[in-house]
There are 2 protein chains.
Amino acid sequence: MRVVVPFAAENPKTRLSGVLDADERAAFARAMLADVLDAVRNAGRTPTVLATAPVDVDASVRVDDRSLTTAVNAVLDEDDGSVAVVMADLPLVTSAVLDRLFDADGDVVIAPGRGAGTNALVVRDDEFHTDFHGASYLDHREAAAAVGAEVTVVDSHRLATDVDERADLVEVLVHGDGRAATWLANNGVRIERGNGRVNAVRVDD
Amino acid sequence: MRVVVPFAAENPKTRLSGVLDADERAAFARAMLADVLDAVRNAGRTPTVLATAPVDVDASVRVDDRSLTTAVNAVLDEDDGSVAVVMADLPLVTSAVLDRLFDADGDVVIAPGRGAGTNALVVRDDEFHTDFHGASYLDHREAAAAVGAEVTVVDSHRLATDVDERADLVEVLVHGDGRAATWLANNGVRIERGNGRVNAVRVDD
């Protein structure tokens with residue numbers, strides 16, 4: 001099974017701009033990507049980074065500057081076997097979680113992201129194509145139904161947690177133990193533990 | 001195994017006040033409770049509602065007006081066997097998800113909620129006590145370690161999704177098929193599907 005990890009190489013994670021500046025967001029995005037690549041390898045697979053621009057990373061890189069949807073569909077079109085797509089902003093994924101994804105039955109296996117997105121996919125049907133705009137989880141279910149592909153949904157908080165905004169950093173700090181969690185700790189991002197809601201705050205020394 | 005479902009009977013879900021008025025919040029909270037009770041029964045267990053005030057519901061009710069922590073610990077103290085605690089605001093839980101929770105090994109099984117909370121627990125250690133204030137997921141891990149209890153974590157988006165605020169309604173509308181999802185649909189709460197983020201909006205006729 002081919003495993004591709006789409007990665008937005010330029011100006012990533014703008015919704016974290018209230019916490020991290022542009023260079024920091026780039027470094028944090030790279031730490032999350034490294035966590036995902038580690039998890040894929042620990043699950044016994046060889047990842048390919050599908051990047052919007054050349055990126056210096058310890059994995060093979062395929063550059064495609066078109067939209068995420070177009071770039072992923074190009075991979076699906078040229079591969080006759082099964083293809084897995086795992087987003088690069090999922091620093092909580094582990095090999096155990098990816099085993100659940102890769103081993104799930106179904107022509108199309110979907111791990112939903114919070115907010116109706118799609119955070120990971122396994123595609124075993126040649127007619128299925130992706131569409132990552134908007135409510136892609138619902139769109140992907142409809143696209144699978146349209147080509148008669150059976151869908152399996154993987155229920156995982158770790159796979160559902162794509163990191164886009166400040167509240168998502170809480171999940172990384174609470175559940176992460178990889179490079180992204182370490183990067184946050186080393187850069188003064190902590191959780192604030194009161195008696196109410198838990199927030200991620202920046203404690204600059 | 002005893003299964004208790006804590007339920008705040010009075011003025012529930014205040015953080016949904018931007019979408020639902022007080023009566024609506026009460027009705028929606030009851031719909032979520034009914035979904036949880038259905039899932040527990042479909043998993044082959046008999047739930048007890050642990051309510052802060054008398055509540056008319058199709059299940060046995062134990063009223064305890066003390067804090068959630070105190071009320072749950074009182075149940076743990078009087079039971080020598082294993083006790084499961086499943087929060088009432090988890091309308092995405094299914095019997096399959098609860099099977100994963102109930103069947104997981106470990107002296108203490110924790111299903112984290114988003115934001116460092118605890119959404120469900122199985123307690124098989126007499127010395128373990130709960131503390132639901134603040135970052136209870138971390139507190140419960142520490143409390144388990146302090147009494148030498150082995151912890152297992154259940155990784156489930158459905159169990160991690162407690163419904164407190166508007167963004168959580170998106171999850172109910174996208175993934176739910178029970179009474180809470182139906183209640184929202186019948187009361188004009190829909191998801192708005194553009195090309196960007198998906199929101200829950202109210203479409204009053």
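Figure 1. Between chain A and chain B, 18 residue pairs are in polar contact, with both residues of each pair at pLDDT 80 or more. The residues that chain A contributes to the side touching chain B comprise 12 nonpolar, nine polar and 12 charged. The model shown here and in the other views is a predicted one. Salt bridges across the interface of chain A and chain B number 10 by the rule applied. In one salt bridge, the side chain of Asp139(A) meets that of Arg193(B), with an N to O distance of 2.4 Å.

Figure 2. Four helices of chain A, namely α3 (95–103), α4 (136–146), α5 (157–160) and α6 (166–175), each supply at least two residues of the side that touches chain B. The largest share of that side, six residues, belongs to α6(A).

Figure 3. The size of an interface is often given as the accessible area lost when the parts come together. Here, the area buried between chain A and chain B is about 2,700 Å², and carbon and sulfur atoms give 48% of this area. On the side of chain A, the residues that lose the most area to chain B are Arg114(A), Asp155(A) and Arg193(A), which together account for 25% of what that side buries. The contact draws 33 residues from chain A and 33 residues from chain B.

**Figure 4. Symmetry relation of the two chains.** Two copies of a chain are related by a rotation about an axis and a shift along it.

**Figure 5. Asn11(B), a residue with positive phi.** Most residues other than glycine have a negative phi. Asn11(B), although not a glycine, has a positive phi, near 50°. Asn11(B) lies in the loop between β1 (2–7) and α1 (22–42) of chain B. The residue Asn11(B) counts as exposed because its relative accessibility is 53%, the cut-off for exposed being over 50%.

**Figure 6. Ala116(B), a residue with positive phi.** Ala116(B), also a residue other than glycine, has a positive phi, near 75°. The loop between β5 (108–113) and β6 (117–123) of chain B holds Ala116(B). With a relative accessibility of 0%, Ala116(B) counts as buried, since buried means under 20%.

Note on methods
Residues are numbered from 1 along each chain as its sequence is written. Chains are lettered from A and ligands numbered from 1 in the order in which they are written. This is a predicted model: local features need pLDDT of at least 70, side-chain atom pairs count only at pLDDT 80 or more; totals for chains, interfaces and linings use all residues. Side-chain values use heavy atoms; hydrogens and water are left out. Contact means heavy atoms within 4.5 Å. Buried area is the accessible area (1.4 Å probe) that two parts lose on being put together, summed over both. A salt bridge is a side-chain nitrogen of Lys or Arg within 4 Å of a carboxyl oxygen of Asp or Glu. A polar contact is a pair of N or O atoms within 3.5 Å; within protein, one must be able to donate a hydrogen and the other to accept it, and residues adjacent in sequence count only if both atoms are side-chain atoms. Ala, Val, Leu, Ile, Met, Phe, Trp, Tyr, Cys and Pro count as nonpolar, Asp, Glu, Lys and Arg as charged, and the others, Gly among them, as polar. Buried means under 20% relative accessible area, exposed over 50%, partly exposed in between (1.4 Å probe, protein chains only).
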